[in-house]
Every structure is written in C-alpha cells, then in structure tokens.
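Here is a short tour of one protein model, written for someone who likes to know the cut-offs behind each term. Keep the 3D view open and follow along.

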Amino acid sequence: MQCPCGSGNTYQVCCQSFIEAKAIPTTAEQLMRSRYSAYALNNADYLFQTYAKTSRAENSLVDIQDWAEQTSWLALVIISTGQSDDEFHYVEFTASYLTGNELWQMQENSRFVKEDGKWCYVDGDVKHHKLIKTVSRNETCPCKSGKKFKRCCMQ
Ligand SMILES: [Zn+2]
Ligand SMILES: [Zn+2]
C-alpha cells in the first residue's frame with residue numbers, strides 16, 4: 001500500500017520500519033511523517049512512545065487512542081521544516097481528517113527534540129484548526145477514492 005504520509009512511496013519503504021521500531025527516523029520530518037501514519041493506522045502506542053518525556057504526562061495513551069479512533073486521516077502536506085537552534089527542529093504542516101461526516105483541516109508548526117538519540121515530538125503551535133465542510137452521503141468521498149462517501153469512509 002501507499003504510505004499514509006503521502007510521500008509517494010510504499011508504506012514498506014517509508015514509515016513502516018519506524019512504526020515497527022526496526023529503524024529510527026534520522027530527521028524530525030521523518031518522525032513527523034511516521035507519527036501522521038501512526039494516526040492514520042490507529043497506532044496509539046507509537047504516538048505515545050514518540051512524545052518527548054515532558055509531553056507524555058499531558059497526553060495519555062487512552063486519550064491518544066480515543067482521538068485516533070474517532071478520526072480518519074486523509075492527507076498530510078509538509079509546508080516547511082527548519083531549526084531555531086541546536087536543540088529544536090520544526091515541521092510545519094497541514095493535515096486533514098474526517099470525524100463522523102465532518103471534514104476538518106489543521107495547520108500546525110510542530111516542535112521536535114532529540115532524546116537519547118531519538119527524535120521526539122514536544123508540542124505544536126496550532127495555526128488553524130477548522131471545519132472545512134460537512135460531507136453528505138452521496139458526495140464523492142473526500143479521500144479521493146472516487147467512490148461515494150456512503151460507500152467509502154462514512155462510518
Ligand atoms: Zn511515510
Ligand atoms: Zn473515502
């Protein structure tokens with residue numbers, strides 16, 4: 001299958017080895033992409049493990065699980081990457097997802113740090129988080145499958 005992160009590569013050669021802990025992301029962007037794929041695949045453990053230690057207290061495994069189960073992630077677009085100093089790297093992105101029949105989009109500038117040699121997600125500055133539209137049953141599914149919403153991602 002195509003990798004959910006939208007890299008254009010297959011999942012096998014893209015985010016799978018990170019999510020299955022067979023390899024470690026070498027850049028903050030790789031970690032960000034693999035966390036997005038973990039959301040798309042409902043892998044809350046990976047999301048929890050890749051939070052920076054200080055952020056784990058505020059993001060319980062149960063909360064991550066709930067959020068991942070309520071959402072179907074459709075698309076990730078990386079806008080920019082950068083670093084402010086030696087410690088933190090940044091990845092700005094938009095991500096869209098469905099929850100029920102609502103199509104949402106968020107834009108965030110995420111902050112990453114290396115802990116014990118591994119990139120971790122610290123927190124993010126949310127630029128916007130908005131409802132794009134409500135999708136009706138007979139509309140073409142926003143996941144671009146070409147099928148009607150009711151025969152595709154509608155839950
Ligand atoms: Zn990927
Ligand atoms: Zn769909």
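## Ground rules and confidence

This is a predicted model, in which local features need pLDDT of at least 70 and side-chain atom pairs count only at pLDDT 80 or more, while totals for chains, interfaces and linings use all residues. Residues are numbered from 1 along each chain as its sequence is written, and chains are lettered from A and ligands numbered from 1 in the order in which they are written.

The predictor's confidence in each residue, pLDDT, runs from 0 to 100. The protein chain averages 95, and 100% of the residues score at least 70.

## Overall layout

You will find five helices and four strands in the protein chain. From the N terminus on, the order is α-α-α-α-α-β-β-β-β. These elements are DSSP runs numbered from the N terminus: helices are H or I with at least four residues, strands are E with at least two.

Taken along the principal axes, the C-alpha atoms fill a box of roughly 50 × 30 × 30 Å. Of the 155 residues, 29% count as buried; a residue is buried if 20 or more other C-beta atoms lie within 10 Å of its own, exposed if 12 or fewer, and partly exposed in between, with C-beta atoms placed from the backbone. Of the contacts with a separation of 6 or more, 42% come from residues 24 or more positions apart. Here, contact means that the C-beta atoms of two residues, placed from the backbone, lie within 7 Å.

## The strands

Strands pair if DSSP finds at least two bridges between them. Strand β1 (residues 72-83) pairs with β2 in the antiparallel sense over 10 bridges, and a hairpin of four residues joins β1 to β2. Glycine 82 stands opposite tyrosine 90 in β2.

Strand β2 (residues 88-99) in turn pairs with strand β3 (residues 102-115), antiparallel, over 12 bridges. Valine 91 has serine 110 in β3 as its bridge partner. Two residues lie between the strands of this hairpin, where glycine 100 takes a positive phi near 60 degrees. Next, β3 pairs with strand β4 (residues 118-134) over 14 bridges, again in the antiparallel sense. Glutamate 102 finds its bridge partner in threonine 134 of β4. The β3 and β4 hairpin has two residues between its strands, and aspartate 116 in the turn has a positive phi of about 50 degrees.

Helix α2 (residues 28-40) has 13 residues and reaches 18 Å from its first C-alpha to its last, close to the expected 18 Å; the expected span is 1.5 Å times one less than the number of residues. Is α2 enclosed or open? Since 12 of its 13 residues are buried, α2 is largely enclosed by the rest of the structure. Among those buried are Leu31, Met32 and Tyr36. Asparagine 42, which follows α2, has a positive phi near 55 degrees.

The largest nonpolar core has 32 residues, and Tyr36, Trp73 and Phe112 have the most contacts inside it. Elements giving two or more residues to this core are α1, α2, α3 (44-49), β1, β2, β3 and β4, with α2 giving the most, seven residues. Such a core is a set of buried Ala, Val, Leu, Ile, Met, Phe, Trp, Tyr and Cys residues joined through C-beta atoms within 7 Å. Leaving out residues up to four places away in sequence, tryptophan 73 touches Pro4, Tyr36, Tyr39, Ala40, Ala95 and Tyr97.

Leucine 47 is found in helix α3. Leucine 47 is buried, with 22 other C-beta atoms within 10 Å. Beyond its neighbours within four places in sequence, leucine 47 is in contact with Arg35, Ala38, Tyr39 and Ile64.

Valine 62 sits in helix α5 (residues 61-70). Valine 62 counts as exposed because it has 10 C-beta neighbours inside 10 Å. Phenylalanine 48 is 14 residues from valine 62 in sequence, and their C-alpha atoms are 9.6 Å apart.
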